[in-house]
Amino acid sequence: MTKRSDWRQETLAIHAGITGFPERGAVTPPIYQTSTFQFKDTQHLNDVLSGKVEGDLYTRYSNPTQRAVEKTLAALEKTETAIVVGSGMAAITTTVLGLLKTGDTILTTADIYGGTYHFCHDFLPRFGIKTIMVPSHEIKDLESAMTPETRMIYVESPTNPLLNILPLKEIAELGKRHDCITVIDNTFATPVNQTPADFGIDVILHSATKYLGGHSDILAGAVAGPREIIGTLRKTLRILGPTLDPFAAWLMLRGMKTLAVRVRQQNENTLKLAEYLKGHPKVRRVYYPGLPDHPHHELAKKQMRGFGGVLSFEIDGTAKDAEKFVESVEMMAMAPSLGAVESLITQPVTTSHRSFTPEDRKKAGISDSLIRIAVGIEHIDDLIADCERGFAGL
Ligand SMILES: Cc1ncc(COP(=O)(O)O)c(C=O)c1O
């Protein structure tokens, strides 16, 4: 008989956060759509504020619906605790501003998410925080870029849009050797495919807009980690104020209940679609860590339970051909974002990497004919048929 402490991810996603809602026997927790909370008397207020009894003061500080999501995410990511915030960017900015100070340096790779890139490049220098972006995923290159001022190693794995994989255990060890906090944006992998805490990574953040929410209907973010670090970030969140609205928190909680089944279907669909594309005469190259010829396939097998729901491929043609492909598919929506039940298709050259110069795009390995598909949970035959329409349009 399994004990509560032995629950698996599928069970935790449904039950971990849904405790302490015995009022009126509702099976799903209510949405506490309230900005503030009232107290019976001053003693009650003092008990809540001192943490003697569980309670809430004001929704920018905490809210029971947010707490249910936080408990669920911490259980899935195997961390002590978590916070939820209003977007993935809020998770990133709260983490960096909460943990670093003037004079500190962040070490990261050159292919981080565009919003994070601009935050590090254009915003943080105003506060005297420097970022070193290493154009490599090799631990030796990261290590040789460390300086005495490096206080945070910040990574994504898999990366966007070429799905490179970084060695998480070695990165965690590098951080420990240099007394640096290690942070991962785990949005692309999700805790279903990868739990970075297993490898010693300190802080795990998400754009919950993507897989955690899973239905393209909310903007949300989350940060999971040790109690002490998350406590600091909660204080930062209270000051900066990127609160997750209780209704969005409730939608996120609802989305997370089906995370495991959705992600497993996305893993399966994406691998099949990658194999189909790889065998297509009009495709030059497919980027998916689940394919044996991906440069990081062995590493992905070691640290991931599934290879994720995003793939990229190069049409054997020009940027115009790639444009014709994305305009000829019917079911897949031409839209940024990823991680939802419906498949989305984009050309990185016109979306995520639009602001790059052609030279910088080339350096990042993003060709003009690259197409990214964020695969949903539709039937694989219908996804392949949609790609056939894309090829027919060339
Ligand atoms: C990997 C990654 N991190 C963070 C973000 C930012 O998330 P949000 O749009 O929820 O602010 C995105 C958005 O596309 C992303 O892809």
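Is Gln-66 buried or exposed in this structure? Keep that in mind while I say hello, everyone, and remind you that we are looking at a predicted model. Now to Gln-66: this residue is buried, because 28 other C-beta atoms lie within 10 Å, and 20 or more is what we need to call a residue buried.

Let's look at the surroundings. Gln-66 sits in helix H3, which covers residues 64-77. If we ignore the neighbours within four places in sequence, Gln-66 is in contact with Val-84, Leu-244, Pro-246 and Ala-249. Gly-17 is 49 residues away along the chain, yet its C-alpha atom and that of Gln-66 are separated by 9.6 Å.

Two of those contacts, Pro-246 and Ala-249, bring us to a helix pair. Two packed helices are described by the angle between their axes and the distance between the axes. For H3 and helix H10, residues 246-257, the angle is about 35° and the axes are 8 Å apart. The crossing is left-handed. On the H3 side we find Thr-65, Gln-66, Ala-68, Val-69 and Thr-72, and they meet Pro-246, Ala-249, Trp-250, Met-252, Leu-253 and Met-256 of H10. By class, this contact has 8 nonpolar residues, 3 polar ones and no charged ones.

Now let's step back to the whole chain. The domain assignment gives domain 1, residues 4-257, and domain 2, residues 259-392. Their centres, taken over C-alpha atoms, are separated by 27 Å. How many residues of domain 1 are in contact with domain 2? There are 31, and they touch 32 residues of domain 2. On the domain 1 side, helix H1 (9-15) and helix H8 (190-193) each supply at least two residues. That side of domain 1 divides into 17 nonpolar, 11 polar and 3 charged residues.

H15 has another partner to show you. Helix H11, residues 259-278, packs with H15 at an angle of about 35°, with the axes 10 Å apart. This time the crossing is right-handed. From H11 come Asn-269, Lys-272, Leu-273, Tyr-276 and Leu-277, and from H15 come Ile-380, Leu-383, Ile-384 and Cys-387. That makes 7 nonpolar, 1 polar and 1 charged residues in the contact.

Last stop: a few backbone details in the loops. A cis peptide bond joins Ser-157 and Pro-158, with omega about 0°. Another cis peptide bond joins Asn-160 and Pro-161, with omega about -5°. Pro-158 is in the loop between strand S4 (150-156) and helix H7 (168-177), and Pro-161 is found in the loop between S4 and H7 too.

Asp-179 has a phi near 55°, a positive value in a residue other than glycine. Asp-179 lies in the loop between H7 and strand S5 (181-185), and counts as exposed because 8 other C-beta atoms are within 10 Å. Ser-216 also has a positive phi of about 55°. Ser-216 is in the loop between strand S6 (203-207) and strand S7 (221-225), and is partly exposed, with 17 other C-beta atoms within 10 Å.

Conventions: Residues numbered from 1 in each chain as written. Predicted model: local features only at pLDDT ≥ 70, side-chain atom pairs only at ≥ 80, totals over all residues. Domains from an automatic or database assignment. Contact = placed C-beta atoms within 7 Å. Helix = DSSP H or I, 4+ residues; strand = E, 2+ residues; numbered from the N terminus. Nonpolar A, V, L, I, M, F, W, Y, C, P; charged D, E, K, R; others polar. Axes fitted to C-alpha atoms, helices over the stretch in contact; angles between N-to-C directions. Left-handed = near helix turned anticlockwise from the far one by under 90°. Buried ≥ 20, exposed ≤ 12 C-beta atoms within 10 Å, placed from the backbone.
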